[in-house]
Amino acid sequence: MQNIEAIGIGQNHYLILSAIIFSIGIMGVLFRKNIIMMLMSLELMLNAINLTFIAFGYFNGNLNGQIMVFFVMTLAAAEAAIGLAIAVMIYRKFNEVNIRYFEQMKG
Amino acid sequence: MSTFIISNLWFYVLALSLIFFAFKVVTSANPIHSALHLVLTMMGVAGLFFHLNAQFIAGVQVIVYAGAVMVLFVMVLMLFDLKHEFNAFAKGLVSGFLKLMSVALVVGYLVGVFLESGESKGVKASLTTSGDQTSTQLQVTRDLAQLLYTKYVLVFEVLGVLLLVVAIGAVAISRIQGGTHAKH
């Protein structure tokens, strides 16, 4: 485990993997119309960002990246709670969670 | 020698399964299936964290993400009863093509930046040096706690206030009865 760089798996491997996962998350946000699916894709993107933080921290011998991952996790939980509350509100009003109902929300 | 191969294999197996599961999250029509695939993705990311000597973060990832947040998602999905979703994907060929192109642009940009910037031959200092694996893990977790409660203690407190605001706000949003512009 300590000699990963010696045989080729370095920082770039992790960064490219997280870039691919992040782009799959963007694809989900763009292509799905269900609010909950969009929130799940956002969680996917945040996971990719966390992977980037941890990889940079590991390969530079720095712990600040792991602290940032803590904060990102907290923010992700907060965002999921608020987003799901809005989704519940939309569902009670229109009996469907589709992104096109967002334009009818006025305050 | 064999540990090298195992470590290589560990990364590639995890990476391929992560990409597969992430793709399934986005493409499955049933939201329950994609939620379960998202749980698998988070477990895979936790495995990569473990591989990167962030054992405590890996545990937090499994408990908080794959546990709490995903239970929240699945519970709301069960509440909605969305087994068959008719218009799961956005329609429109031209806009779909544009979206796909923009995603491809983003991934190409990111990978290009990573490849152009070159491999940083980092010092690999305190995280990996000292010989005994167990003591290193303990040390990383201890340093993490010290950093969290000394240098970043203000951010920690602010996040506590934020979580309080979010808890109250979620209850307020879900109990709201139409808002200021409502026509009763």
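Reader: Is B:Tyr149 buried, partly exposed or exposed?

Author: In this predicted model, local features need pLDDT of at least 70, side-chain atom pairs count only at pLDDT 80 or more, and totals for chains, interfaces and linings use all residues. Residues are numbered from 1 along each chain as its sequence is written, chains are lettered from A and ligands numbered from 1 in the order in which they are written, and side-chain values use heavy atoms, with hydrogens and water left out. Buried means under 20% relative accessible area, exposed over 50% and partly exposed in between, with a 1.4 Å probe and protein chains only. Because its relative accessible area is 49%, B:Tyr149 is partly exposed.

Reader: Which aromatic pair crosses between chains, from helix H1 of chain A to helix H1 of chain B?

Author: Rings of Phe, Tyr and Trp (its six-membered ring) pair if their centres lie within 6.5 Å, and planes under 30 degrees apart count as stacked, over 60 as edge-to-face and the rest as tilted. By this rule there are 8 aromatic pairs over all chains. One of them is edge-to-face, with 4.7 Å centre to centre and 65 degrees between the planes, and is formed by A:Tyr14 and B:Phe11.

Reader: Are A:Tyr14 and B:Phe11 buried or exposed?

Author: A:Tyr14 has 0% relative accessibility and therefore counts as buried. With a relative accessible area of 3%, B:Phe11 is likewise buried.
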